[in-house]
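Hi,

Here is the structure I promised to pass on.

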Amino acid sequence: MSQTDLRFSLLSSWLNQYFGQEVNVSLICGDASFRRYFKLTVKNNHYIVSDSPVTLVPIVPFIAIAKAYHQAGVLVPEVVHYCLEQGFVLQTNVGDEQLLSILKNDNVAGYYQQALDLLVPITGVTQYHNAEGKSQSFPFYDSAFVEKELTIFTEWLIGAHLQYDLSQVESTMLNDCFQQLIVNVEAQPKMGMHRDFHSRNLLMNHDIPGLERLAVIDFQDAVIGPITYDAVSLLRDCYVRWPENIVNSLMRYHYQLLMKHELIDHNADFSVYQQWFDLMGLQRHIKAAGIFARLKLRDGKAGYMADIPLTLQYIVDIAGRYPSLKSLSQWVEEVVLPKVLAKNATLGGGL
């Protein structure tokens, strides 16, 4: 019996014991981590159960942050039962349909405004109660954190995947650009941050007849970080790109939300916010491109390779708007993107 089959057997036994009857579970998917998700229905109640190997993905943050988000008024799964020893979490099913699956050019603005509204209470959640019941602050998404994430790009995409050796000039250019992105993070107000806030992690919820709500999932990596991170994660999604006029309008909507709720200084004009937003998006797309390569090479998840070109195109377009980052834009456009496209083409059906 494989390790995966053994865990499934343990999960099934745990659920049978909890419900006092034999239950049938069906695999939904894994995600970009080592978690797997299953769904089940017992006595007309719908549940999700996650399987997280405890040495790889601790479950205490998910359990604690779910409670903190719920108390802040954010619709999230309710934790029904859990097993700390095995890493199993039984939770309510808050929706089977990802927001991404229903979005179109003519409805994305409305749904994304709802999503941006959710970021207001999320910014206020900066701590949770740990396993001992003590209050614990989220980790800080600081300059060291950001620098570590940016190295994923050079290590995994440039080095491991493309097997490209940076010249001294290229290395200096990247380091200079990375420092600008780090300074941008330091300049922004720091609030509670979901850290993976996009349309695949927002579910359509219809629990209340006649009322359509957005439920939030995958929040276990929440930190205290820059105010624009979650908004740019949503609006410049690594998996889908929306027309610039729509994104610009929603960007201004978020800025106005921040001003209304006094989450940024009233002296911070929109141009300051926009630079925060743009450079935050660059940092996220650089990191994501590296993570997608790592998912294939380290974790055997090749499907994310198809998402790398979009992240690189964002870098080309947004960095090109800033004189001090034009060298990054040009290098990604002329060197990195063609190599990635050529590599993807050779992988063919492996994507």
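A quick definition before the findings: a charge sits over a ring if NZ of Lys or CZ of Arg is within 6 Å of the ring centre and within 35 degrees of the ring normal. Keep in mind that this is a predicted model.

With that in hand, take Arg252: its charged end sits over the ring of Phe270, 3.8 Å from the centre. Phe270 also belongs to a cluster, joined by ring pairs to Tyr255, Tyr273 and Phe277. Arg200 is another case, lying over the face of Tyr239 at 3.8 Å from the ring centre.

On to the aromatic pairs, of which the structure holds 16. One of them is Tyr69 with Phe219, a tilted pair at 5.4 Å centre to centre with 50 degrees between the planes. Tyr69 is in helix α2 and Phe219 in the loop between β11 and β12, 150 residues apart. Tyr112 and Trp242 make an edge-to-face pair, 6.4 Å centre to centre and 85 degrees between the planes. Tyr112 lies in helix α3 and Trp242 in the loop between α6 and α7, so this pair ties together parts that are 130 residues apart in sequence. Both of these residues are buried.

Then the nonpolar cores. The largest has 100 residues, and Leu157, Leu312, Leu328 and Trp331 have the most contacts inside it. Helix α8 gives the largest share, 13 residues. Apart from this core lies another of 14 residues, Val25 and Phe38 among them.

Last, the cysteines: a search of the whole structure finds zero disulfides. Cys83 is buried at 10% relative accessible area, and Cys238 is buried at 4%.

Cheers

Technical notes: Residues numbered from 1 in each chain as written. Predicted model: local features only at pLDDT ≥ 70, side-chain atom pairs only at ≥ 80, totals over all residues. Heavy atoms only, no water. Disulfide = S-S within 2.5 Å. Buried < 20%, exposed > 50% of the residue type's maximum accessible area, 1.4 Å probe, protein only. Core = buried A, V, L, I, M, F, W, Y, C linked by side-chain atoms within 4.5 Å. Helix = DSSP H or I, 4+ residues; strand = E, 2+ residues; numbered from the N terminus. Phe/Tyr/Trp six-rings, centres within 6.5 Å; stacked < 30°, edge-to-face > 60°.
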